[in-house]
Amino acid sequence: ILYTREGDEYATLSGDANSIWVSLSDIPENLQHAVVAIEDKNFYDSIGVNFKRTIAAALNELTGQQLLGSQQGASTLEQQLVKNLTDDDKVDYMRKVREIFRAVALDNRYSKEEILEAYLNTIGLTGSVAGVEAGANRYFDKHAGDNENIAEGKEPLTLAECASIAAITNAPTKYSPITNPEDHLT
């Protein structure tokens, strides 16, 4: 459902994702920091691509070895946002090349705050849940924003709930609070 700035319903789009856009200023800093720490700790200092990790991941793929101490992914937050927005899921090297160029262009055109806001609103969590607002609603019956929770008489997201939402991005099935609640603190 799309809403006007005044909060009135504007249109309903069809699709299989449950997503509700929320501005970055309404997303708790603990959640923002947790996602950046898990997904791309160099986010604020990068140009949209981490070439060291990209080369290491390519060598991992070609040699079967684990460079840099782990079988980590190479995608930056910008690259993941590009993938979320384009649905370009082909498993080939040219997709990665396209993704790199798009991520650098994204980083040159938008601020880190705008990129983080878009990422937090498009990130796939589990099933059809996309974005931190839909995740907070689904998993904790709360809003991502503190003011909305307070207005409804609910507590804001706790640090553990923010960490839980951030962890889902790393392994959606394994860290789902619905199917694996033992992996989450409340």
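Trainee: Why is Lys112 called buried?

Mentor: Lys112 has a relative accessible area of 13%. Buried means under 20% relative accessible area, exposed over 50%, and partly exposed in between, with a 1.4 Å probe and protein chains only. Lys112 at 13% is therefore buried. The model is a predicted one, in which local features need pLDDT of at least 70 and side-chain atom pairs count only at pLDDT 80 or more, while totals for chains, interfaces and linings use all residues. Residues are numbered from 1 along each chain as its sequence is written, and side-chain values use heavy atoms, with hydrogens and water left out.

Trainee: What makes the pair Glu78 and Lys112 a salt bridge?

Mentor: The closest N and O atoms of Glu78 and Lys112 are 2.6 Å apart. A salt bridge is a side-chain nitrogen of Lys or Arg within 4 Å of a carboxyl oxygen of Asp or Glu, so this pair qualifies. Side chains of opposite charge can pair when their charged atoms come close.

Trainee: Where in the chain do Glu78 and Lys112 lie?

Mentor: Glu78 is in helix H3 (residues 77-86) and Lys112 in helix H5 (residues 112-122). The two are 34 residues apart, and the pair links distant parts of the chain. Helices are DSSP runs of H or I with at least four residues, strands are runs of E with at least two, and both are numbered from the N terminus.

Trainee: Is Glu78 buried or exposed?

Mentor: Glu78 is buried, and so is Lys112.

Trainee: Which other residue has a salt bridge to Lys112?

Mentor: Asp107 does, with an N to O distance of 2.6 Å. Glu78, Asp107 and Lys112 are linked in a network of salt bridges.

Trainee: Why is Asp107 called buried?

Mentor: The relative accessible area of Asp107 is 15%, so Asp107 falls in the buried class.

Trainee: How do you know that Lys154 and Glu152 form a salt bridge?

Mentor: Their closest N and O atoms are 3.4 Å apart, and this value is therefore within the 4 Å limit.

Trainee: Why do Lys154 and Glu152 count as partly exposed?

Mentor: Lys154 has 25% relative accessibility and Glu152 has 47%. Both values lie between 20% and 50%, so each residue counts as partly exposed.

Trainee: How many salt bridges does the structure hold?

Mentor: The structure holds five salt bridges.

Trainee: What elements does the protein have?

Mentor: There are eight helices and two strands, running β-β-α-α-α-α-α-α-α-α from the N terminus. Of the 186 residues, 40% are buried.
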